[in-house]
Amino acid sequence: MKATQLAEGVWWVGAIDWNLRDYHGYTLPGTTYNAYLVVGTEKTVLIDTCYPGFEEQVLCRVASVVDPKTIDAIVANHIEVDHSGGLPKMARMLPGVPIYCTEIAVKGLGRHYDTQDWNLQVVKTGDTLALGNKTLTFLEAPMLHWPDSMFTYLAEDEILFPNDAFGQHIASSERFDDELGKDASLSHAQKFFANLIIPLAPKVLKKLDQVGGLGIGISMIAPSHGVIWRSHAGDILQAYTDWSKGVSKEKVTIVYDTMHGSTDRMAQALADGAMDGGLEVKVCLLRDGRYEGCHRSDIVTEMLDSKAILIGSPTLEDEVLPTVAGFLSYLRGLSPGLLAQKKIGFAFGSHGGHGGAVKQIGESMQKAGIEVLGDGYEVTFRPDADEREACYRAGLALAERVRSL
């Protein structure tokens, strides 16, 4: 296994997990656990490690550059096990090696591992580590996306190591954005942002402002997952700004499930109206989430750049259908209403008695920060022609509202 060079004396020495399909509650085509080796004239530093069980990949790639036992220090940007899981083995191999991390990380590492014999060194924003001809600068980044998180910046090569920020979950032989392709890289980054970063959007904007205020150049962004941004660093920085602000398209995402096809008929009529009104429309049938585009992680990715969201369900035992209820729980946790530009929408559905699902959906949408229009639309049993026409007109009216935003 060979390392991949980013710059003179800077190497990717991470691990590829080809088989991972579910993580953090969403689906993915594998991932990478990115670790980086910075070789200075006086010191050699390893930035982050890997998930437990992948240490040999990291060590083999390090060995293609230097003897792993010559590592002088380790930087732990984040304590989550997919980044810190290799630390116990590294600490045993390199007894007494200084491990640089935030104060909160010291406590967190102690909850994950036996750190009694570890040489943990606390750093704060602005602290530096001289490697001879290279200098690492640390920047605390609490809640991006854990309280312990920090960024590391390599001044001489203008490389930012932001751990999870700007990452993507993808396993591939490509190490750089221009190898995978700009569109594919941004698409994977959008899914990562939609499923992990949305609740932190206000903090993202503050951190981007803080980094910009430092007056430092960023020629390359080397995240902890996925490809490294060397040709499109400016594009991912702009994308994070736009996503955090809630910049979106004239688009509606319609998500629902159905028992006997009634809610499905309503969804189709709503979609037809929205399309005829000029909106981009994405229709997502939940079911059990096993099928392409039906998983909650794919749906919230579509929602990220949608100005409107419609959610539908039949009523089952006075409740929302379980598949929709699970999705609503996920949506409340992400809280897209935290984005600066609010999203609008409403609930719809059918019932065979006195209903109730539509009201519950509307309440969940409000808790997620979505501006709910009216009381929603609910029909008894199967929608008749007039009710389908009413759904169609509701789609048209929604399109007009979206275009006015």
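This short talk goes through helix packing and a few individual residues in a predicted model.

Residues are numbered from 1 along each chain as its sequence is written, and side-chain values use heavy atoms, with hydrogens and water left out. Because the model is predicted, local features need pLDDT of at least 70 and side-chain atom pairs count only at pLDDT 80 or more, while totals for chains, interfaces and linings use all residues. The helices (H or I, at least four residues) and strands (E, at least two) that I name are DSSP runs, numbered from the N terminus.

Let me begin with the helix pairs. Two packed helices are described by the angle between their axes and the distance between the axes. Here the axes are lines fitted to C-alpha atoms, for helices over the stretch in contact, and the angles run from 0 to 180 degrees between N-to-C directions.

Helix H6, residues 182–197, packs with helix H10, residues 296–304, at an angle of about 100°, and their axes are 8 Å apart. That makes H6 and H10 roughly perpendicular to each other, on a scale where angles under 35 degrees count as roughly parallel, over 145 as roughly antiparallel, 65 to 115 as roughly perpendicular and the rest as oblique. On the H6 side the contact (heavy atoms within 4.5 Å) is made by Gln190, Lys191, Phe193, Ala194 and Asn195, and on the H10 side by Ser297, Asp298, Val300, Thr301 and Leu304. Sorted by class, these residues are four nonpolar, four polar and two charged, where Ala, Val, Leu, Ile, Met, Phe, Trp, Tyr, Cys and Pro count as nonpolar, Asp, Glu, Lys and Arg as charged, and the others, Gly among them, as polar.

One residue of this contact deserves a separate look.

The crossing of H6 and H8 is right-handed, a crossing being left-handed if the near helix is turned anticlockwise from the far one by less than a right angle, and right-handed if clockwise. From H6 the contact takes in Lys182, Leu186, Ala189, Gln190, Phe192, Phe193 and Ile197, and from H8 it takes in Asp235, Ile236, Ala239, Tyr240, Trp243 and Ser244. By class, nine of the residues between H6 and H8 are nonpolar, two are polar and two are charged.

Turning to H8 itself, this helix covers residues 233–245, has 13 residues and reaches 19 Å from its first C-alpha to its last, close to the 18 Å expected at 1.5 Å a residue, the expected span being 1.5 Å times one less than the number of residues. Its buried residues are Ala233, Ile236, Ala239, Tyr240, Thr241, Trp243 and Ser244. What covers them includes H6 and H10, as well as helix H5 (177–180), helix H7 (201–213) and strand S16 (220–221). Just after H8, Gly246 takes a positive phi of about 85°.

The contact of H9 with H13 holds nine nonpolar, two polar and four charged residues.

I will finish with backbone details and loops. The peptide bond from Leu144 to His145 is cis, with omega near 10°, and His145 lies in the loop between strand S13 (135–140) and strand S14 (150–154). Which phi values are positive in a residue other than glycine? Phe166 has one near 70°, and this residue, in the loop between strand S15 (159–161) and H5, is buried, with a relative accessible area of 3%. Ser335 likewise has a positive phi, of about 50°, and is found in the loop between helix H11 (322–334) and strand S22 (344–351), where its 16% relative accessibility counts as buried. Asp375, by contrast, in the loop between strand S23 (371–372) and strand S24 (377–380), counts as exposed at 77% relative accessibility.

Conventions. Buried < 20%, exposed > 50% of the residue type's maximum accessible area, 1.4 Å probe, protein only.
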